[in-house]
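Subject: Structure handover

Hello,

Here is the structure I promised to pass on. Please open it beside this email and follow along.

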Amino acid sequence: MKAFEEIEHTADLAFCAYGRDPAELFANAARGMFTLQGGGLPPPLQERRVEVEGVDRETLLVNWLNELLYLQERHGEVYSEFEMEELSATRLRARVRGGAQAGVRRRIKAVTFHDLRVRQTAEGWQATLVLDV
Amino acid sequence: MQKTQTIASKRDFAPVARNVWELPREFREDMRVPARLYADESLLEDALADRSIEQLVNTATLPGIVKYAIAMPDIHQGYGFPIGGVVATRVPEGVISPGGVGYDINCGVRVLASTLSVEEVRPHLDGLLTALYHNCPSGVGVSGGFRLSHEDLDEVLSEGARWALRQGYARPQDLERTEEYGCIAGADPQQVSPRAKERGRPQIGTLGAGNHFIEVDRIAAIYDGEAAERLGLFPEQVVVQIHCGSRGLGHQVCEDYVSRLQSTVREYGIELPDRELVCAPLDSPEGEQYLAAMAGAANFAFANRQVLTHQIRRSLEQALAGRVQSFDLHQVYDIAHNMAKMEEHQVGGQSTKVCVHRKGATRAFGPGSPVLPDSLRNLGQPVLVPGSMGTASYILLGTERSMEQTFGSTCHGAGRVMSRARAKKQVRGERLREELEARGIGVRAGSLSGLAEEAPIAYKDVARVVEVVHRAGIGKKVARLEPIGVIKG
């Protein structure tokens, strides 16, 4: 199964993320978002803890990715490993690991709710995400 | 929540005037008003090539929308609203949609006109571009040289460019030549989250990345000599353009409210075809809180462009003092192109208070508007339309017809037609820089692949976009600018 794939979007960035279960979907969505910024993913040297909530799975996914963008801006890091400690439809706790954001050349302003649906398919889970750049 | 989408074709649009097309309310059952698009046939076809029109139709479903959902000729696919979208909702029962303003609240453009000709500046251009690149930090995750305390930042959020004036970063005339005099009323720093403030505090006086830029231009053509003279513009004059917004602070304000409203929108019983359109009634606590936070972020952006103006004046001083006889830089105007504003417009023959969302569209108030300063009142508001990198930009004036037809709005730029990924495959940043330099355009860029993503090939022809608004009468051409130097993150 692919982790994620970029989708054509005229002005912004869009991609589809996949996973066998919601935890893998959330991790692959994060991986996709950092990969699309260019510069490659650093080795997992620095660990940060993340806790987010949302009224439903879609809101939780957007809040999770926006939290990672905030950590990126705050610490100048990008992340390559995502370990879910708790994941329900409305709450997430995770440890994320990564390092300095050397080579990042495309800053994502935010993750949007546009067209967003987290779906369970015959192969697993998937979500389409549009990023404002 | 998703409705079955109907895909529009050219046949669905009826021409209502030259370069104005209407999609009737019956096109989709959830539309509350018709949609109107300003375009020539070729730009209409461009708009039909991606999901722009579907997004325009989605905005026509917003509660309280009046007259039409409008799109400008630079329309392109965004998220929620199309870029180039204008929606007015009736006060107080209509809604405010944070996603309809966007993440870069008060992203906008400022044009500063020098007293120098291109001939005088050309020998010192290299030094000027280097000084600008050094003094106006750009790129991913860059901080500025200005340190704001928590109290300072609250003052910036409340006062906008007035704060900059008190700090000595502005002249009184700069504020007079800024939309809303550089300060949106009703800002409340309490409604801006601590995280948004934390992100904004180190970023004042920075340009950011993406499509933001500083450009040194020459006045390449003048279409309205009298208006140009009134604005202090002359042929072959050197002018400087700034394009940037509210940086991480504005992004966080939008994010906070788009996320928060996901649950409250259900409580208000509002059904939407796209969750990014999430909104709240203008008179609800959530609506009022967002408007107060948005005004704060908008004021941050006005202050940011003002601090950059100060830095640009310093750069000129560094690069030109003692080398050219005398020089100065006066502000032509500063406009916002991602905003929601409380304004009075004619609806059904009556003056009505509405909240005008402009997402990638520019305010274009016509002559006589009481909100314009005395020096511009009988002329109309200057409108600044940046083209894609290395092409042309335009200065227009707002018109009576823009007041009648588009809630005093017009286009904001060229509008993309090609994704960043495809542009990067077709254009190499290094090659593009060589081509620009061969045409006498100096380039300072933090990232060559970022440069490639902004290649002119990825955009519509700005001349065509401007021609449509000029012919439709919702903007009047005054001057064309062509670049001699580009600074990009």
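This is a predicted model: local features need pLDDT of at least 70, side-chain atom pairs count only at pLDDT 80 or more; totals for chains, interfaces and linings use all residues.

Strand S4 (residues 77-87) of chain A is joined to S5(A) by 9 bridges, and the two run antiparallel. A:Glu77 faces A:Ala100 of S5(A). S4(A) and S5(A) make a hairpin, and 3 residues sit between them.

S5(A) has a second pairing to look at. Strand S3 (residues 46-53) of chain A pairs with strand S5 (residues 91-100) of chain A over 8 bridges, in the antiparallel sense. Here A:Glu53 stands opposite A:Arg91 in S5(A). Strands of a sheet pair through backbone hydrogen bonds, either parallel or antiparallel.

Now step back to the whole of chain A. Its secondary structure comes to 2 helices and 8 strands. Along the sequence they follow the pattern β-β-α-β-α-β-β-β-β-β. The radius of gyration of chain A is 14 Å, close to the 14 Å that the globule rule gives for 133 residues, so chain A is as compact as a globular protein of that length. Its C-alpha trace spans about 40 × 35 × 25 Å along the principal axes. Of the 133 residues in chain A, 51% are buried. Take the contacts in chain A between residues at least 6 apart in sequence: 63% of them join residues at least 24 apart.

One residue of chain A deserves a stop. A:Asp115 has phi near 65 degrees, a positive value in a residue other than glycine. Find A:Asp115 in the loop between strand S6 (110-111) and strand S7 (118-120) of chain A.

Next, the contact between the chains. Chain A gives 32 residues to the contact and chain B gives 35 residues. Which elements of chain A give two or more residues to the side that touches chain B? They are helix H2 (57-75) and strand S8 (125-132) of chain A. H2(A) supplies the largest share of that side, 7 residues. By class, the side of chain A that touches chain B has 11 nonpolar, 10 polar and 11 charged residues.

On to chain B, and its sheet. This is an open sheet of 7 strands with mixed pairing, in the order S1-S2-S3-S4-S5-S13-S12 (chain B). S1 and strand S12 (338-347) of chain B stand at the edges. Each has a single partner strand, so one side of each is left without a neighbour in the sheet. Direction ignored, neighbouring strands of this sheet are turned by 45 degrees against each other on average. S1(B) and S2(B) run antiparallel, joined by 3 bridges. The bridge partner of B:Ala14 in S2(B) is B:Glu22. A helix packs on this sheet as well: helix H17 (residues 462-472) of chain B. H17 of chain B touches S2, strand S3 (35-38) and strand S4 (69-79) of chain B. The direction of H17 makes about 155 degrees with that of S4(B).

B:Asn19 lies in the loop between strand S1 (14-17) and strand S2 (20-23) of chain B. Its phi is near 65 degrees, a positive value in a residue other than glycine. B:Asn19 has 22 other C-beta atoms within 10 Å, so B:Asn19 is buried. The other loop runs between strand S5 (81-90) and strand S6 (95-96) of chain B, and holds B:Pro92. The peptide bond from B:Val91 to B:Pro92 is cis, with omega near 5 degrees.

Last, a helix pair. Helix H6 (residues 150-159) and helix H12 (residues 285-320) of chain B pack with their axes 6 Å apart, at an angle of about 100 degrees. That makes H6(B) roughly perpendicular to H12(B). From H6(B), the contact uses B:Val156, B:Leu157, B:Ser158 and B:Glu159. From H12(B), it uses B:Gly296, B:Asn299, B:Phe300 and B:Ala303. The residues of this contact divide into 4 nonpolar, 3 polar and 1 charged.

Best wishes

Notes:
Residues are numbered from 1 along each chain as its sequence is written. Chains are lettered from A and ligands numbered from 1 in the order in which they are written. Axes are lines fitted to C-alpha atoms, for helices over the stretch in contact, and angles run from 0 to 180 degrees between N-to-C directions. Helices (H or I, at least four residues) and strands (E, at least two) are DSSP runs, numbered from the N terminus. Angles under 35 degrees count as roughly parallel, over 145 as roughly antiparallel, 65 to 115 as roughly perpendicular and the rest as oblique. Two residues are in contact if their C-beta atoms, placed from the backbone, lie within 7 Å. Ala, Val, Leu, Ile, Met, Phe, Trp, Tyr, Cys and Pro count as nonpolar, Asp, Glu, Lys and Arg as charged, and the others, Gly among them, as polar. A residue is buried if 20 or more other C-beta atoms lie within 10 Å of its own, exposed if 12 or fewer, and partly exposed in between; C-beta atoms are placed from the backbone. Two strands pair if DSSP finds at least two bridges between them. The radius of gyration is taken over C-alpha atoms; the globule rule is 2.2 Å times the number of residues to the power 0.38.
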